[in-house]
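Reader: Please take me through one part of this model in close detail. Start with the whole chain, then zoom in.

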Amino acid sequence: MKTIICDFDMTLVDSQLRPFDHVIDFLNKHYGKYNIAIVSGRPLSAYNAIEKRLKVLGVKFNRIYLNPNLGGKLEHKKHIARKLNKNNNVALAIDDDIHMLNMYKHEGIHAVSPSNLNNEILKFNWSHHFA
């Protein structure tokens, strides 16, 4: 099954941890057809808080990946992207950071910002990405 990668801060929630409903709706709609991977640059110590917030918001997901060594978040997310994208297994990445979007695209992963999610999805060839 292919994977959708989604960032947490400013992608799923704003700075006050309020939800971006259109992103949550998108992930929940595709859960079960895709693995949903929440990939954040936050440290491992934030795992319980993020998991709890995701559950409170009703976000369906398969796995949370946090930064184990507090190195740069770009390197952390690149490492996870490469791990998940073996055999072109990542269908989409959603992130608010232009540097992350460029990294995902450089890794051969279709990437969109949450603000452009609905517009980009209309143009995206989903049938090509079903496992």
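Author: Start with the contacts, meaning heavy atoms within 4.5 Å. Among contacts between residues at least 6 apart in sequence, 65% join residues at least 24 apart. This is a predicted model, in which local features need pLDDT of at least 70 and side-chain atom pairs count only at pLDDT 80 or more, while totals for chains, interfaces and linings use all residues. Residues are numbered from 1 along each chain as its sequence is written, and side-chain values use heavy atoms, with hydrogens and water left out.

Now the overall layout. The protein has five helices and five strands. These are DSSP runs, numbered from the N terminus: helices are H or I with at least four residues, strands are E with at least two. From the N terminus, the order is β-α-β-α-β-α-β-α-β-α. The radius of gyration, taken over C-alpha atoms, is 13 Å. For 131 residues, a compact globule would be near 14 Å, so the value agrees. That rule is 2.2 Å times the number of residues to the power 0.38. Along the principal axes, the C-alpha atoms fill a box of roughly 35 × 30 × 25 Å.

Next, burial and surface. Buried means under 20% relative accessible area, exposed means over 50%, and partly exposed lies in between, with a 1.4 Å probe and protein chains only. By that cut-off, 47% of the 131 residues are buried. The protein exposes about 7,000 Å², and carbon and sulfur atoms supply 49% of it. Those areas come from the Shrake-Rupley method with a 1.4 Å probe.

The part to look at is helix H3. H3 covers residues 73–84, which makes 12 residues. From first C-alpha to last, H3 reaches 16 Å, close to the 16 Å expected at 1.5 Å a residue. The expected span is 1.5 Å times one less than the number of residues.

Which H3 residues are buried? They are His76, Lys77, Lys78, Ile80, Ala81 and Leu84. An α-helix has 3.6 residues a turn, so residues three or four places apart point the same way.

Take Leu84, in H3. Leu84 is buried, at a relative accessible area of 13%. Leaving aside neighbours within four places in sequence, Leu84 is in contact with Thr3, Ile5, Ala37, Tyr65, Asn89 and Val90. Glu107 is 23 residues from Leu84 along the chain, and their C-alpha atoms are separated by 11 Å.

Met100 is buried, with a relative accessible area of 2%. Not counting residues up to four places away in sequence, Met100 touches Lys73, Leu74, Lys77 and Asp95. Lys77 is also among the buried residues of H3. Arg18 is 82 residues from Met100 in sequence and 22 Å away in space, C-alpha to C-alpha.

Finally, look at the loop between E1 and H1, which holds Met10 and Leu17. Most residues other than glycine have a negative phi. Met10 has a positive phi, near 65 degrees, and Leu17 has a positive phi, near 65 degrees. Met10 is partly exposed at 37% relative accessibility. Leu17 is partly exposed at 30%.
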